[in-house]
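Here is a short note on the inside of this protein. Keep the model open as you read the numbered points.

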Amino acid sequence: SIASRDDIDTSDLNSISRGDIEKGLNFVGLVLLRNELKPDTAQAIKQLHRGCIRTVIVTGDNIFTAFYIANKAQFIHPHAHCFFGDVEDNKDRCPETVQGTNVVFRSIHNTDVTLDIHECKIVERNQNGKETVTSVRKEDVALGLTSAAWTQLKQSGLYDHFLIQRVTVFARMKPLQKGEVVILFKDANYIVGMCGDGANDCAALGLAHCGVALSEAEASVVSPFTAQLKNITSVVHLMREARACLANSFAMFKLTLLCGSFEMSQAFLGYTYGTDMSQWQYVIIDFFMFIPFAFYTMKSLPSQNLINDPPSTKVFGWRTLSSLLGVLVISLLMLAFSITLLQEQPWYTPTEVERVIDTSAIPEMTGTWIIGNFVYCGMAIAFAFGSFHRQRFWLNIGLVVSVWFVLGFSSVLIWCYPEWDFANVYPFMSLVHLPFESRLHMFLIGWVGFFAILLYERFIIHGPITHYLKLRFNRTRTVREGFSHFTHSHPSLAESCPMFCNTNEQTDIEIENSYQMLKFSNDT
């Protein structure tokens, strides 16, 4: 409100008290201060939810303001029953008071309506004292806390699991209390993120696993990341980049391991015939195939959207091992099949293995090296499959050009007869000219094996088969085991309070949503 006075002596204002100045004022009007929600906030929160990232608000604002923002930004379902917990006097103790505390949960829209978190029931009392009790599912309730309620529930030591699993809005929180919320989730083994733009967010930004500062002021000093776009969309960009980076790292790991393993298999096969691949064959594999493939694999860009299946975090998890072993088996089968067909040709003469051959120019090594080129190309494309956490592989121009160059070179090399070999490539590469049937076999085996690797990785590892097996054998990511001590220490309370328990009725999406935690400050 604004008011004025005309009879004040302004010559010595320091000697006049505030109470004297504010007497006899003339009302002028009201000034409405509004800090509107940024237009892209709701869309950013929606994308984070689609990516199985739970979001909560930790703010210093009033609890009603916080719930208004939570509704507008879609932190909570628009039709959810909203209740806030606050500390009340013991004089008229409410029957729905949380056990061991003075915290009562009341409806945001009608403070006469309370919530019994132990029975998961909504209680409404009219002026005559008549009660109306309604049972409600915990999924249909959105809960918030004031700083006073947070302090009591936290100090009791009984409600840590409840605070993490059920509370979405933390209001009137002081800077250090914001940091305490971050620590609570970290102690439960959650991956915690925080974004904020003020000095009161510095403690939480510094304590979180990943802090994103939305300003270049004090928050940017303690935060690992400072957003160029000063809005919450930067968090979505960061998550997309992070998941793509993790997917690229695993792709690089698999490509390096399998290329080395298959190259070693080629060398061992040569040793059985008393020889090895030539130096130029090794040079082409290592410098003209592996290095470009690895370089451009790491250049895969992030997907435009977050999906509800986070990338694997286990180097030797079941999905990673299945991919490695499956591709390796297909590659070795290609090698064995090509050698078997070669040895069944009527013109074939077995290579003597009693002596060390000084040259690599034998039919077995020619087939082994050319088939290997198709294998390396298949690995490069298969491990660059996008549309999940990365863009689709054909958008990676450098990788596609490198792979098709090697495939084209190998295909031309197969059909390069002696009269066409004007550059003497075969002698230079220590290769042997083979009859038409053997060339056709190599061509077909190479291309069939190339597509077999792609189909296996696409439909078995990243496709519907893996999705079915995950659901069939319950291999989805589970809730972090950070509160096993709670049910052991307080089994009766855990059993009597439905709001605490993670029942077996949870869907896969609910389990995935519990996996990661990203907290936001409403001050943005």
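1. Start with Val403. Val403 touches Phe293, Cys377, Ala380 and Ile381, leaving aside residues up to four places away in sequence. Contact here means heavy atoms within 4.5 Å.

2. This is a predicted model, where local features need pLDDT of at least 70, side-chain atom pairs count only at pLDDT 80 or more, and totals for chains, interfaces and linings use all residues. Residues are numbered from 1 along each chain as its sequence is written, and side-chain values use heavy atoms, without hydrogens and water.

3. Now the largest nonpolar core. A nonpolar core is a set of buried Ala, Val, Leu, Ile, Met, Phe, Trp, Tyr and Cys residues joined through side-chain atoms within 4.5 Å. Buried means under 20% relative accessible area (1.4 Å probe, protein chains only). The core has 58 residues, and Phe293, Trp369, Met379, Phe383 and Val403 touch the most other members. Elements giving two or more residues to this core include α10 (279–297) and α13 (397–414). The largest share, 12 residues, comes from α12. Helices are DSSP runs (H or I, at least four residues), numbered from the N terminus.

4. A second, separate core has 38 residues, among them Val113, Leu153, Phe185 and Ala204.

5. Which helices each supply at least two residues of the lining of the largest cavity? They are α11 (318–343) and α15 (436–461). A cavity is a set of points on a 1 Å grid over the protein atoms alone where a 1.4 Å probe fits but cannot get out; lining residues have an atom within 4 Å of a point. Ser338 and His441 are among the lining residues.

Technical notes:
1 Å grid on protein atoms, 1.4 Å probe; cavity = no way out; pocket = protein on both sides within 12 Å on 5 of 7 lines; lining within 4 Å. Buried < 20%, exposed > 50% of the residue type's maximum accessible area, 1.4 Å probe, protein only.
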